[in-house]
Amino acid sequence: VGESTVKKYSVLKIFNSLLRNQFRKSLIVNVKEIEKVLNDSNTSLSSIAASILLRICSEGYLETLFARIEKTMSEMSNEYKKDVLRALPNVLKTYPKKYELINRFLLNIMRKEEACEIKSEAINVMNFEIS
Amino acid sequence: LNSKDAYVQYHALMLVGDIKRKDVNAYRKILFSLMKQGIVGIAAVQYLRMLREATHDLDCGSPEAKDFINYLSREIRNKEDIVQIEACKLACESPLMSNKELLEVVKIL
């Protein structure tokens, strides 16, 4: 792994932890650069970029983002899958009209994923949606 | 701790941590007194990690909090990448940092 990849990974990880606090959301302004990382061949980088974008992207970009995440989901580690799922309640809160897209994504995960922890995170999101 | 070698400083810091960690006030006092000292490389990374535990319950407007923020603002421009990244990480995690101060950190990252 190259030095620049490690640096990129560290920076993205810091951004990701920063975004756990909703009030810090407005700080991330270089969305375009993060979108570029989403197409990176390194799965760790693209997974963490997906997780960040779910927290900051615009409504119009959501469909592209979900399509991209579904493509790379099988290569993601369980930790990133959980991180992506944990970002979904916030997406639902921000863009409530996008519930169909999110439901489709969740059902797809329930069908494809074998790990119990991932399914349980998906159920948590559904639970949030209902309540 | 007065050595110029980063590894000697690192081990000295670890010792200070082991000896003083239980006495929170003394531990914090020692750590804050080291802010003006030239701690470098791996020792600076360890120092920042120790500051994380020592500053999590600081009051927002206290003079110690101001010193801490000034120190972080300096370290995020450190020449060494590992120190810079650790400082940025600590700044982003700290509730003492305002959005205005964090904007600078995000720009650097």
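This is a predicted model: local features need pLDDT of at least 70, side-chain atom pairs count only at pLDDT 80 or more; totals for chains, interfaces and linings use all residues.
Residues are numbered from 1 along each chain as its sequence is written, chains are lettered from A and ligands numbered from 1 in the order in which they are written, and side-chain values use heavy atoms, with hydrogens and water left out.

Okay, the interface. Eleven residues of chain A are in contact with 14 residues of chain B, contact being heavy atoms within 4.5 Å. The two chains bury about 1100 Å² between them, 69% of it on carbon and sulfur atoms; that's the accessible area (1.4 Å probe) that two parts lose on being put together, summed over both. On the chain A side, Ile14(A), Arg24(A) and Leu27(A) lose the most area, together 51% of what that side buries.

How many salt bridges are there between chain A and chain B? The count is one: Lys7(A) pairs with Asp81(B), with the closest N and O atoms 2.8 Å apart. The term means a side-chain nitrogen of Lys or Arg within 4 Å of a carboxyl oxygen of Asp or Glu.

Now the cysteines. A search of the whole structure finds zero disulfides, meaning pairs of cysteine sulfur atoms within 2.5 Å. Take Cys88(B): the closest cysteine sulfur, in Cys92(B), is 6.6 Å from its own, so that's too far for a bond. Cys88(B) is buried, at 1% relative accessible area, while Cys116(A) is exposed at 62%. Buried is under 20%, exposed over 50%, partly exposed in between (1.4 Å probe, protein chains only).

Last, the largest nonpolar core has 76 residues, and Tyr47(B) is among those with the most contacts inside it. Such a core is a set of buried Ala, Val, Leu, Ile, Met, Phe, Trp, Tyr and Cys residues joined through side-chain atoms within 4.5 Å. Not counting residues up to four places away in sequence, Tyr47(B) touches several residues, including Phe32(B), Met35(B) and Tyr71(B).
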